[in-house]
Amino acid sequence: MSETLANLLHETRQFPPPGALADQANVTANVYGAASADRLGFWERQANRLHWHKRWDEVLDWSNPPFAKWFVGGQLNVAYNCLDRHVEAGRGDKIAYHWEGEPGDTRTITYADLHREVCRAANALTDLGITAGERVAIYMPMIPELPVAMLACARIGATHSVVFGGFSADALKGRIQDQDATLVITADGGFRRGAPSALKPTVDEAVAQCPTVRNVLVVRRTGQDVAWQDGRDLWWHDTVDPASAEHTAQPFDSEHPLYILYTSGTTAKPKGILHTTGGYLTQVAWTHHAVFDLKPDTDIFWCTADIGWVTGHSYIVYGPLANGATQVMYEGTPDTPHRGRFWELVEKYRITILYTAPTAIRTFAKWGDDIPAQFDLSSLRLLGSVGEPINPEAWMWYREHIGGDRCPIVDTWWQTETGAIMISPLPGVTICKPGSAMRPLPGITADIVDDTGTSVPNGGGGYLVIRDPWPAMLRTIWGDDQRYVDTYWSRFDGLYFPGDGAKRDADGDLWLLGRVDDVMLVSGHNISTTEVESALVSHPKVAESAVVGATDPTTGQAIVAFVILRGAAEGDEALVQELRDHVAKTLGPIAKPRQIMLVPELPKTRSGKIMRRLLRDVAENRSMGDVTTLQDSSVMDLISAGLKVGASTED
Ligand code: WT7
């Protein structure tokens, strides 16, 4: 992939770890060697960071690939690891969550508080007849009862499935039906963009067509009126609050199903990604400790994701709680009541580690440097990025304007399917390059291969693969083992294929280029959309861009770019020319966009990924496809109506 361009993208900026951080880092350079010399021994040591009711007999059973079993024969309880053991060790008064509601209401929740609430909820669920192995769908706003509900399920061995609160009744219904959930936990609503946003009506609509659901448990958050079905619907405060706070956690098998999380595939039917217990908790806890250098006594960790995504499961709930971290959890959006809300929270809680997404970072850059500059961000010591490739310029903006030029940035590559971080710098070890996720973590064997599955040399590009099983890997697609095999293990014999393209630079460092479906073929050259987007964003007037390949009679595909300008910049034909030339200069003439459209917004999924399919429709003048998973479907109208400049030029 991108052979022509591979050598053109020169990134010479390098950022070594700050000395003090490196001196006290949780993980040092020798771990790489130790892990590659004995990969299973390495993971066994990380599993030992947890409490096991019964130790495992075998680290990995890979006798029936691609169906892995980790820590075979071991038994543990996830909630015990996240709560009881901290309380028993005398850390009950330590704050688990500083929770901040969007309207500004707050709750301070200690480990002892959380433990009590989870025990109550576990008893309440048991009283409702929920038994180990049953599925519980959770459809909630970002309130403390959400992690409580997840941990209560884990505590009694019920398998939870969190559905993001922005999904439609149809999407919720499909997910409940796919797993035959018997209980739905929800709220009347949550606060979003300054107003209560209802959830219960969506649940009512969905559950009307889900005969397996016996009960709907409802947290009162907004106080808005809700329809009520007696016998089925129960208030959380009537059901959980009066329940006993005494509960003894029972051990479950290491391979007991912990949760199902749906991820949308290329086809319509979402995939229920199944994660299990021992291996998952081992890897999320270790990566949270290693990649974020988490010091439980002094750090304040904030992951800005919604718990409805895997990032929130692994790095708001399971990883940080297993490590006894103190976190900030925020209910709302970054622009309510004002665009400095994130930085206000950093200042207020003296947050030390911030983990967010490139789409947010680019939005902040677009809003202007002056906003974060109004807040005291000096508590920050480490920054993280996840969700898509981070362009070098967004990386630099993050480093400079949020990290005060002193914080290392960990660009973490992983997926819903991998369960935990796989490729990332180690903040006390790695000399980082802006835009590169650098190296596979210790214990992970990632590689880049060509079409035939052969490893490419340094300087080459191709497909990212994972060679060996890892503890937090998905175990299957719920109810569809064959689809699991076909989707992930069939492209290359014996290798896991995540669907991403990647490049290995001259030093052997990895550059993730997004989904291979997003690679364009222009006059016989493979060009990744990410590379062109990064080139555009490196222009001082560009805030954000999305690039697609549109069918072209001469070149096969032609590059069409959608560009959002920075705050004050004015767009005209001259600027469009300048941007086209800028890409040509940065990447080579072959990558010069045929067309650049200046737009006010870009269509994104609710997890922040650009919906290139819709932009391709615009680029090819087709009528728009399905927009139901769009975060804000009016964006497409905005784009059609608001196209400021659309230069189409041949030269
Ligand atoms: C896809 C997975 C992992 C939690 C959030 C997304 C892309 C993710 C990076 C990164 C380049 C990245 C990949 C991956 N991606 N992180 N640091 N650099 N690309 O989870 O919704 O399952 O999406 O997100 O394309 O395959 P997801």
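Which atom type of the ligand lies 3.4 Å from a backbone N or O atom of E388? A nitrogen atom of the ligand does. This is a predicted model: local features need pLDDT of at least 70, side-chain atom pairs count only at pLDDT 80 or more, and totals for chains, interfaces and linings use all residues. Residues are numbered from 1 along each chain as its sequence is written, and side-chain values use heavy atoms, with hydrogens and water left out.

**Ligand site**

- The ligand is surrounded by 16 residues, each with a heavy atom within 4 Å of it. The closest are D411, T412, T416, D500 and R515.
- P389 also places a backbone N or O atom 3.4 Å from a nitrogen atom of the ligand. A polar contact here is a pair of N or O atoms within 3.5 Å.
- The side chain of Q415 has an N or O atom 3.0 Å from an oxygen atom of the ligand.
- On its own the ligand has 550 Å² of accessible area, and the protein covers 91% of that. Areas come from the Shrake-Rupley method with a 1.4 Å probe.
- Helix 12 (310–322) and strand 25 each give two or more residues to the shell. Helices (H or I, at least four residues) and strands (E, at least two) are DSSP runs, numbered from the N terminus.
- The shell divides into six nonpolar, five polar and five charged residues. Gly counts as polar, and Asp, Glu, Lys and Arg as charged.

**Largest cavity**

- There are three cavities of 30 Å³ or more. A cavity is a set of points on a 1 Å grid over the protein atoms alone, where a 1.4 Å probe fits but cannot get out; lining residues have an atom within 4 Å of a point.
- The largest holds about 100 Å³ of space. Its lining has 13 residues, with G435, W511, L513, T530 and S534 closest to the centre. A volume is the space filled by probe spheres set on the points, which are joined across faces, edges and corners.
- Strand 25 (510–515) and helix 18 (529–537) each supply at least two lining residues.
- Domain 1 (1–77 + 277–516) and domain 3 (523–641) each give at least three. The bounds come from an automatic or database domain assignment.
- Seven lining residues are nonpolar, four polar and two charged.

**Second largest cavity**

- The second largest cavity has a volume of about 60 Å³.
- Its lining includes C153, A154, F252, H256 and P257. Helix 7 (145–156) and strand 14 (257–263) each give two or more residues.
- This lining has eight nonpolar, four polar and no charged residues.
- Domain 1 and domain 2 (108–250) each contribute at least three residues.

Conventions
1 Å grid on protein atoms, 1.4 Å probe; cavity = no way out; pocket = protein on both sides within 12 Å on 5 of 7 lines; lining within 4 Å. Polar contact = N/O pair within 3.5 Å; in protein donor to acceptor, adjacent residues only side chain to side chain.
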